[in-house]
Structures are given as C-alpha cells and as structure tokens.
Amino acid sequence: MIVKIYYTVTKVPHLALPTLLKCAQNHDPVFFFHNPDTQQVRLAYGALAECTFEKDQNLFLQLKEWYEQLAARLVCVPAGEKRQEIQPEIVGGLGFTNSKQSADQIWGKLRNGYYFLPQTLIVQGKAGAYVVACSFRPIELKSITTAVRKELQAAALSDCKLPSMGHLKVSATDVAVWKRNVAHVVAQIKQQHLSKVVLARYLIVEAQTQLDPYVTLQRLLKTQPETYHLLLKKSGTAFVSATPERFAKFKQHEFQTAALAGTTARGQNTLADQRLGQLLLNDHKNRQEHRFVVKRIAALLAQQRLKLTIPASPQLLKNKQVQHLYTPIKGTGPYQLFELLAQLHPTPALGGLPKQAALQQIEKVEQRPRGLFGAPLGYLDFNCRGELVVGIRAAVLKENQAYLFAGAGIVAESSPDKEVHETHLKFQPLLQALGGNDE
Ligand SMILES: C=C(O[C@H]1C=CC=C(C(=O)O)[C@@H]1O)C(=O)O
C-alpha cells in the first residue's frame, strides 16, 4: 500500500533572517538557502522522508528514483487548493562523488550527500512568507502549522545578537606539499591528455568552545552580501557555504547555469580594483581556464538539444575578497533534468577536463574525500523547478572543529605560489565568519 503524504500551505507574517535562523536552532535536520538576487529565502526542518545515498549508484539517479516515488504520494489539503507557486520541496545536497563508505570522520552522515522532504518548509520572498507543512496524517497539519507560528513569534521576541568570537587555532594542511601537488598536476597536464584539474586545499580550525553554524551563517549574511548563503545540518554535522556559484536554476523548458572560473583579488580602492578586474579579463591563463568551462557546459546543454544563450565574452563577478570571470548560460526547450545535472556535475570549474581523467587525478592527489565541497546543493519542487548551487567558500562544522575548503583551477600555465595565494583569499569568508584572522 502506498503511504500518502499530505501537505498544506499557509501564509505567515514576513520575518527577519536572524529570526528565521533562531527558529531553526532546536531542530534537526535543517536546511537554509538564501538567493542574493531575488532575496528569496528557505528554511526547512524535520525530515518526513530521507535520501541517504547508500547505494553504489549514480547520486543523481538515486535522487531521481526517490523524488519520483515521493511525487506519486503527495496530496494537497484542502483538495483543490493546490498552489502552483508554493508547494513541498526536497532540500539538501549530493556528495561531490559517491563512495561505498557512507560516513567518515569529517563529514559524518553528509559524506555522500543528504536530501530530505521537510516536515516544515518556510519560503519567504517578494510575494510573502509561507509555511508548507507535511505529514503522513492530514489531521496533524493544523497543529504543525500552529507550532511553527508559535516558534516564529517566540524567535521574533528573543535576542538575536551575535556573540563575540572566541580564540581560534588555525592549522593549514602542509602548504609545501600542496605546492608540490600543483607542480605535479601541471606536469601531468603537459604530458597527458589533460587540460585542467581543480585541486582543493584544507584548513583545520579549532575553537575553545562549540562552533555555532547559525552564528557563522549570520556573519556570512552580513559580510558576504553578494553570495548565496547555505546551511545543511544533520546529526551534529553542519555544512555552511557563502558560494557565489550557481550550478543550475531550472523550470519547465528553461535551464540556467553559469561558468565561474578565473580569479583575482579585489583592489584596495576603486581604481586598483578596476585595474585588477581588467587584468583578469585580459589574462591568457585565466581566460583559458574559463573557456574550458564555458565550452564543456555549452556542449552538454547542446547534447540535450537546448537552444543556448551565451554571451561572447565573460564579465566580472565581484565578491568581498575575490573577483571572478563569469559567463551566464541559458538553455531553452525540453530536457531531462536529472540526466543533465548528472552530466554537468562536476563542471570543469570544480573537477577538470576531461572529467574522468581529472577526477582520477583529484582522487590520487587529495588526501581527504570532498564530501559536500564542490557539490550541488539546493531545493527542488515536484514540478521540476528548483535551484542548486556549488558548495564552495565553505566549511564543515562539528563541535569545536571546522574544516575549510578552497580549490583552484590548475592549467598548464599555473604557478604553485599564485594558486596558494588564490586559495588563501578563498578561505577568508569562512575563516572570518568563524572568527579566525589568518593562516
Ligand atoms: C574551487 C573554487 O572556485 C572555483 C570557482 C570560481 C573560480 C575558480 C578558479 O578560478 O579556480 C574555481 O573554479 C573554490 O572557491 O574553492
């Protein structure tokens, strides 16, 4: 017998972001997603159903199977009040790669990714704030919504001040070893049929007290206003990201993605900043690194016979510490969502080119599994509308420890010193939000 899942949608008063985060604090699992362009925000908590990616099978296809089974079980209450815009969503993230080992020391149960159908989903945007409550028993929907309203009211009245930051001990994985790895990969690129490999570097941060993902996220909301803000927390492990990179935004007959690759610092003043931006736009190595990504994404979208809109040259996307080469890419027409996502991930902005050879290099050279670093995270409704971002400028927090991740695209012209500097800049958003100063 198929067990039905009932849901109801209720409008609630608009809330400040710190209030929403306060409301999430006593729940598990939790997902938070903020889009800086639309200012739309989602907070989801409590799992009615979970996808834990334990099978040794493509992660996107596992997600698709689970999603399709859920779709067949959803029933709107009251019947006939089905809103097209606001409805249940699945939320979470897929691992960078799949592994038979489903949990590890750093990532806990988030190792291969984790998606859930939330019992409570709050979506707040220009059209207002809504609670989507889900339950196996329609009779419970009213009490879930009432409990959410009460929690939101209590959170609005409580103190949302950020606590001061304690002392942090920051240890980098050996920089000399990482430089040797970059040099090794550059040599491989020159010798083999390999154009680009994105290598990640790690920092370990230790605090004297427990690190709070909600406080970290609130600081990121303040200090990185141009980026997405994301949290996925499950059983004491929290992934936090202030990523500038969209993986995909999609609806029926429209698929938007972007190439983000090629990086330089921000200048100390407007003139210096413009000069650095112009140098980046004209830099051969960075333009090549970027071109690989655009070409590969365009080829994959074209395979699905989508009609493409791609600007001829990249523009600059500026965050607080870095500026990037950025090309928005749009495809229109019918497409197979999960198949396309599976082909796209990881794009050469996080994996490399050719994909399989680059992934083999990454596995050989990097000592730790990437978990959710560089992985797609986001939400998806049951009309195939949703948005996924790439989990970069990110950290995983567990008790008083955090692991920070930063990667850089390595091509034949890369210099180890410059890549160390680039990853150093990419660590700063999370390092500062956690309260650390420098490496
Ligand atoms: C892998 C990361 O950045 C990617 C996104 C933008 C620019 C990149 C670059 O210039 O190498 C990377 O491809 C990271 O921030 O950890």
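In the predicted model, 44 residues of domain 1 are in contact with 44 residues of domain 2. Several elements give two or more residues to the domain 1 side of this contact: α1 (17-24), β2 (30-34), α2 (59-71), β5 (89-94) and β6 (113-125). By class, that side has 25 nonpolar, twelve polar and seven charged residues. The domain assignment places domain 1 at 5-157 and domain 2 at 168-434. Taken over C-alpha atoms, the centres of the two domains are separated by 25 Å.

Strand β9 (residues 196-207) is largely enclosed by the rest of the structure, because ten of its twelve residues are buried. A residue is counted as buried when 20 or more other C-beta atoms lie within 10 Å of its own. Strand β9 pairs with several strands. Strand β8 (residues 168-172) runs antiparallel to β9 and is joined to β9 by five bridges. Here L168 has A207 of β9 as its bridge partner. Strand β17 (residues 352-353) also pairs with β9 in the antiparallel sense, over two bridges. In that pairing, V197 stands opposite G352. Ten bridges join β9 to β21, again in antiparallel orientation. Within β21, A408 is the bridge partner of L199.

Strand β21 (401-410) also takes part in the ligand site. Both β21 and β13 (254-265) supply at least two residues each to the shell around the ligand. In total, 16 residues surround the ligand. The closest are T263, A349, I392, G407 and G409. The shell divides into eight nonpolar, five polar and three charged residues.

Key. Residues numbered from 1 in each chain as written. Predicted model: local features only at pLDDT ≥ 70, side-chain atom pairs only at ≥ 80, totals over all residues. Near = placed C-beta within 6 Å. Helix = DSSP H or I, 4+ residues; strand = E, 2+ residues; numbered from the N terminus. Nonpolar A, V, L, I, M, F, W, Y, C, P; charged D, E, K, R; others polar. Domains from an automatic or database assignment. Contact = placed C-beta atoms within 7 Å. Pairing = 2+ DSSP bridges.
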